[in-house]
Amino acid sequence: MERSVFFSAQAGRTIEVPRHASARFGIGDVVRHRMFDFRGVVFDVDPVFANSEEWYQSIPEDIRPDRDQPYYHLLAENEEGSYVAYVSQQNLLADHGAGPVDHPHLPELFEQFDGSRYRMRRALTH
């Protein structure tokens with residue numbers, strides 16, 4: 001499989017990725033975590049794991065996801081509040097019918113919820 005490389009400032013290292021990756025979710029999709037009680041809106045996608053080694057090793061080994069799959073940056077919410085989450089594709093499910101997400105940074109990136117997903121603000125698209 002052909003691969004490319006890029007430097008990830010967040011990971012502090014060079015990341016090797018497949019030239020063609022297939023993400024199940026897109027920017028603006030509402031998703032829910034498979035095991036933990038939170039949901040969120042996708043605002044960025046990495047084609048493979050591109051965070052720090054320390055972050056990856058902090059996940060318990062028995063539930064640690066594979067690195068070679070898309071990882072999603074989410075504006076997330078749970079009963080305790082809102083935050084940013086980084087989640088593997090295998091741990092996400094579509095959550096389009098559950099209504100809007102309540103996160104204070106949503107208006108900075110997205111327009112109103114259209115009933116199934118969020119649309120990125122026009123000023124942020126190319």
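Start at Glu-53, which is partly exposed at a relative accessible area of 34% (buried is under 20%, exposed over 50%, partly exposed in between; 1.4 Å probe, protein chains only). This is a predicted model, where local features need pLDDT of at least 70, side-chain atom pairs count only at pLDDT 80 or more, and totals for chains, interfaces and linings use all residues. Residues are numbered from 1 along each chain as its sequence is written, and side-chain values use heavy atoms, without hydrogens and water.

The side chains of Glu-53 and Arg-67 meet in a salt bridge, 2.8 Å from N to O (a side-chain nitrogen of Lys or Arg within 4 Å of a carboxyl oxygen of Asp or Glu). Arg-67 is partly exposed, at 28%.

Now show Tyr-56. The charged end of Arg-67 sits over the Tyr-56 ring, 3.9 Å from its centre (NZ of Lys or CZ of Arg within 6 Å of the ring centre and within 35 degrees of the ring normal).

Move to Arg-39 and Glu-77. They form a salt bridge, with the closest N and O atoms 3.0 Å apart. Arg-39 is buried at 8%; Glu-77 is buried at 14%.

Select Arg-32 and Asp-95 next. Their salt bridge has its closest N and O atoms 3.3 Å apart. Arg-32 is partly exposed at 27%, while Asp-95 is buried at 11%.
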